[in-house]
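Thank you all for coming.

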Amino acid sequence: MRLLRPAPLLASLVLLAAMALPAPVAAADLDIPPLHYQQRTLPNGLQVLSVEDHSSPNVAVQMWYHVGSKDDPKGRSGFAHLFEHLMFKSTRHMQAEQMDRLTEDVGGANNATTSDDVTNYFEVVPANYLQTLLWAEAERLSSLNVDEPNFKSERAVVEEEYRQSVLANPYGKLFNAIDPNSYTVHPYRRPTIGSIEDLEAATLPDVIDFHRTFYRPDNATLIVAGDFDPKQLDAWVDQYFGWIPKPATPIPRVTATEPKRRKNRRVTISAATAPLPAVALSWLIPPAADSADTIALQVAAALLARGDASRLYQALVYRHQVAREVDAEADVRVGPGLFLAYAILASGHAPEEAEKLLHEEIIWLATQPIPADELERAKTLLLTDELKQRQTAQGLAFALGQAALIGGDVARANTDLAALQKVTAKDVHRVLQKYVTGAYHVTIDYLPAAKVAQPSSGESAK
């Protein structure tokens with residue numbers, strides 16, 4: 001059994017000890033066939049990505065708009081999320097909710113998500129309905145009815161979603177508080193779901209302006225994956241999307257730079273719905289474009305919290321029994337991301353107990369030799385996730401979208417898998433020491449309301 005060391009362990013002494021040990025031998029890299037994708041850009045600026053796959057008679061159609069909650073207007077948080085809902089309302093030639101009929105009624109499915117950086121709409125249907133779906137997505141892009149009835153009905157839906165996922169969820173306020181307390185300048189500090197106050201303050205002209213600003217062909221990426229004929233696809237894309245005009249106005253882009261942290265910071269949040277306390281830690285990490293570091297940070301997070309055999313689960317849930325749930329994540333974004341670790345406490349335990357163990361495990365991982373089999377297990381889990389996803393047309397399309405819009409280069413759909421396999425224990429040590437154990441962090445103590453004498457917020461030296 002791996003021995004636990006105290007958090008104040010001197011990193012220099014540990015590193016000297018680690019240097020004296022032989023480097024573990026990595027398993028041979030898998031030879032993964034690359035995705036053979038096509039890409040082109042229409043004269044109106046629409047980016048088109050496609051990957052042909054005839055393994056099943058289905059096709060996925062996705063529209064990724066380069067707009068997320070970071071682009072919400074000041075004092076109007078939740079606009080990007082609101083439009084995720086509005087895009088399912090009526091257009092000039094489609095009735096409200098008709099996208100459901102065009103997909104679900106033929107054995108397919110549809111959905112949408114909003115994140116900090118993008119909003120994407122995705123469908124999967126039998127391949128012979130591809131033309132219909134391309135027409136429908138072009139119709140949503142060019143002819144959406146942004147009117148008062150649609151605006152008010154979907155605003156009410158989003159507000160109810162906020163009540164359920166943030167206010168009613170026992171730990172909704174905790175996760176909703178991470179971004180606002182982790183960023184000081186960057187608009188990532190605005191939660192994607194928005195707030196009821198900002199949504200209620202919005203007017204129809206606000207909504208129309210947001211739609212006109214961001215929902216345009218030169219701010220969108222169309223992705224098609226699955227069973228299709230490439231020449232026919234190009235013809236349909238030209239027919240349905242090519243006529244849509246490119247606006248003359250520029251697209252506003254976020255230029256804010258998040259400053260380096262100068263101190264550790266601690267905040268305390270209370271929630272009447274929380275049955276047990278929790279604690280969350282966050283560190284700033286580089287943008288997704290820095291693949292050498294962000295991929296290694298993803299491996300570090302997997303070593304810490306992926307599965308019951310992971311370090312945090314074994315230490316906090318199994319051995320010390322101070323937590324009932326633990327997790328760690330490298331939340332990679334177009335701009336500065338977050339390395340996160342959290343624990344939901346077991347009955348009778350306090351946040352400081354879990355916080356101490358979280359730090360101990362992270363420092364131990366950042367400084368001590370990592371067994372070769374443990375490292376390979378973590379990388380295999382991540383690689384397996386990616387390869388399993390690509391067994392479907394929808395998964396192939398998501399792989400292209402993630403690479404192109406978050407990673408900044410569609411080629412990363414192939415190169416990131418090779419880079420993941422090459423991550424070494426030294427890489428994990430390097431990124432953890434640079435961005436986590438050698439950097440300042442934010443701690444969020446989350447307490448049941450009855451156990452909080454008074455909410456507090458403060459800062460402490462590193």
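This is a predicted model: local features need pLDDT of at least 70, side-chain atom pairs count only at pLDDT 80 or more; totals for chains, interfaces and linings use all residues.

Let me begin with a question: in the loop between which two helices does histidine 186 lie? Histidine 186 lies in the loop between H6 and helix H7 (196-201), where helices (H or I, at least four residues) and strands (E, at least two) are DSSP runs, numbered from the N terminus.

Residues are numbered from 1 along each chain as its sequence is written, and side-chain values use heavy atoms, with hydrogens and water left out.

Leaving aside residues up to four places away in sequence, histidine 186 touches Lys70, Val254, Ala256, Glu258 and Pro336, a contact being heavy atoms within 4.5 Å. Alanine 419, by comparison, is 233 residues from histidine 186 in sequence and 29 Å from it in space, C-alpha to C-alpha.

Now for the whole chain. The protein chain has 16 helices and 12 strands. Its radius of gyration is 24 Å, close to the 23 Å that the globule rule gives for 462 residues, so the chain is as compact as a globular protein of that length; the radius is taken over C-alpha atoms, and the rule is 2.2 Å times the number of residues to the power 0.38. Along its principal axes, the C-alpha trace spans about 65 × 55 × 40 Å. Of the 462 residues, 53% count as buried, and among contacts between residues at least 6 apart in sequence, 82% join residues at least 24 apart.

In the model, residues 48-193 are 41% helix and 18% strand, with end C-alpha atoms 28 Å apart, whereas residues 203-382 are 42% helix and 23% strand, with end C-alpha atoms 44 Å apart.

In helix H2 (residues 79-86), 8 of the 8 residues are buried, so the helix is largely enclosed by the rest of the structure. Among these buried residues are Phe79, His81, Glu84 and His85, and what covers the buried residues of H2 includes strand S4 (109-114), strand S5 (119-126), helix H5 (148-168) and helix H8 (204-214). In the loop between H2 and helix H3 (98-103) we find glutamate 97, which has a positive phi of about 70 degrees although it is not a glycine, and which is partly exposed, with a relative accessible area of 32%.

On a 1 Å grid over the protein atoms alone, a cavity is a set of points where a 1.4 Å probe fits but cannot get out, and a pocket is an open set with protein on both sides within 12 Å along at least five of seven lines; lining residues have an atom within 4 Å of a point. Grid points are joined across faces, edges and corners, and a volume is the space filled by probe spheres set on the points.

How much space lies in the largest pocket? The answer is about 1600 Å³. Of the 50 residues that line this pocket, the closest to its centre are Gln298, Glu329, Ala330, Val332 and Gln402. H10 gives the most to the lining, with 6 residues. By class, the lining has 27 nonpolar, 10 polar and 13 charged residues, where Ala, Val, Leu, Ile, Met, Phe, Trp, Tyr, Cys and Pro count as nonpolar, Asp, Glu, Lys and Arg as charged, and the others, Gly among them, as polar.

The structure also holds 1 cavity of 30 Å³ or more. Its lining residues include Ile178, Ser182 and Leu340, and the largest share of the lining, 3 residues, comes from S8.

Methods
Buried means under 20% relative accessible area, exposed over 50%, partly exposed in between (1.4 Å probe, protein chains only).
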